Amino acid sequence: MSARVLLVGVGGIGHPCALALAAVPDIELVFLDDDRVERSNLHRLVAFDEAHVGAPKAHALAEHIERELHATRPVVIVDRATPDSVRAHVDDADIVVEGSDNFATKFLVADACGLAGKPSVHGAAVGWSGTVLSVVPARSACYRCVFEDLPVGDAVDCATAGVFAPVTAMIGAVMAAHVREMLGPEPARAAKLSHFDATAGMFRHRTMQRRSDCPLCCEARVITAIDASRYSAPLCSH
Ligand SMILES: [Zn+2]
């Protein structure tokens with residue numbers, strides 16, 4: 001049976017990740033994204049050109065994968081993860097790849113994966129650096145063990161700091177590698193955090209420990225359902 005891999009966001013990070021996973025056998029890709037291609041995206045969304053400007057990113061990428069890479073056409077859902085819809089999307093998946101561009105969606109998807117017991121790979125990029133975190137529920141630290149909660153105040157985001165386009169390609173590629181490891185014969189038993197610094201040309205990898213008071217994965221957890229009030233408005237969009 002093939003593994004159903006849900007990509008939440010196929011923009012800067014999800015785009016290279018999807019291209020890398022398209023060639024992997026026994027994977028069914030599902031794209032969840034409602035953004036459209038903008039001219040300013042073209043330098044990092046390498047499968048697109050001027051003709052794609054204005055088209056839904058998910059449709060355009062699925063078409064490219066089928067036509068140019070001769071791979072199975074991914075399933076496309078032109079929508080975004082919302083508190084109402086996220087559980088249904090996550091429940092349908094075997095692995096979730098979260099490459100969204102805002103903190104609200106990241107925590108929403110992380111919580112849904114934790115509650116559903118689904119493995120997830122989370123990627124983020126801002127400025128000259130990026131991170132990838134892979135989570136195996138009940139076996140490893142979760143997203144909230146590492147990042148705790150949405151930032152308050154003046155958090156650095158990609159809208160103000162920008163992002164060096166090659167960083168998104170590196171992070172997307174590493175996310176695809178984490179997915180392949182999860183699907184392999186010996187998936188990691190611990191949460192792995194990879195951090196890439198483009199100015200140093202360096203990756204650092206750390207194994208993350210569970211927090212005994214984590215609101216999502218500890219025994220006395222306080223997050224037991226998706227509550228829309230926990231997720232504030234998106235902080236950035238690219
Ligand atoms: Zn946790």
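Predicted model: local features only at pLDDT ≥ 70, side-chain atom pairs only at ≥ 80, totals over all residues.
1. **The main core.** Start with the largest nonpolar core, which has 38 residues. Within this core, L7, L21 and F31 touch the most other members. The elements giving two or more residues to it are β1 (3–8), α1 (14–22), β2 (27–32), α2 (57–68), β4 (95–98), β5 (120–126) and α7 (165–183). Helix α7 supplies the largest share, seven residues. As general background, nonpolar side chains in soluble globular proteins tend to be buried together.

2. **L7 and the second core.** Setting aside neighbours within four places in sequence, L7 is in contact with G14, C17, A18, L29, V30, F31, L32 and V97. There is also a second, separate core of 32 residues, and its members include L32, V90, C113 and L193.

3. **V5 in β1.** V5 sits in strand β1 and is buried, with a relative accessible area of 0%. Not counting residues up to four places away in sequence, V5 touches L21, I27, E28, L29, V30, I95, V97 and V179.

4. **How enclosed is α1?** Seven of the nine residues of α1 are buried, so this helix is largely enclosed by the rest of the structure. The buried ones are G14, H15, P16, C17, A18, L21 and A22. Among the elements covering them are β1, β2, α2, β4 and α7. Two of those covering elements are helices worth a look of their own, and they come next.

5. **α1 against α2.** Two packed helices are described by the angle between their axes and the distance between the axes. For α1 and α2, the axes come within 11 Å and cross at roughly 25°. That angle is under 35 degrees, so α1 and α2 count as roughly parallel to each other. The crossing is right-handed. On the α1 side the contact uses H15, A18, L19 and A22, and these meet L61, H64 and I65 in α2. By class, the residues of this contact are five nonpolar, two polar and no charged.

6. **H64, from the α2 side.** H64 belongs to helix α2. Is H64 buried or exposed? With 15% relative accessibility, H64 counts as buried, because the cut-off for buried is under 20%. Leaving out neighbours within four places in sequence, H64 is in contact with L19, A47 and L69.

7. **α1 against α7.** Here the axes are 7 Å apart and the packing angle is about 40°. The pair α1 and α7 is therefore oblique, and the crossing is right-handed. From α1, the residues involved are P16, C17, A20 and L21; from α7, they are T168, A169, G172, M175, A176, V179 and R180. The class count for this contact is eight nonpolar, two polar and one charged.

8. **D149, in a loop.** D149 lies in the loop between α5 (143–147) and α6 (158–161). Its relative accessibility is 45%, so D149 counts as partly exposed. Beyond residues up to four places away in sequence, D149 touches F107 and R144. D149 and V126 are 23 residues apart along the chain, with their C-alpha atoms separated by 18 Å.

9. Most residues other than glycine have a negative phi. Which way does H70 go, positive or negative? H70 has a positive phi of about 55°, although it is not a glycine. H70 is in the loop between α2 and β3 (75–77) and is exposed, with a relative accessible area of 68%. A138 also has a positive phi, near 75°, and is likewise a residue other than glycine. A138 is found in the loop between β6 (129–135) and α5, and A138 is exposed, with a relative accessible area of 67%.

How values were computed: Residues numbered from 1 in each chain as written. Heavy atoms only, no water. Core = buried A, V, L, I, M, F, W, Y, C linked by side-chain atoms within 4.5 Å. Buried < 20%, exposed > 50% of the residue type's maximum accessible area, 1.4 Å probe, protein only. Helix = DSSP H or I, 4+ residues; strand = E, 2+ residues; numbered from the N terminus. Contact = heavy atoms within 4.5 Å. Axes fitted to C-alpha atoms, helices over the stretch in contact; angles between N-to-C directions. Parallel < 35°, antiparallel > 145°, perpendicular 65-115°, else oblique. Left-handed = near helix turned anticlockwise from the far one by under 90°. Nonpolar A, V, L, I, M, F, W, Y, C, P; charged D, E, K, R; others polar.
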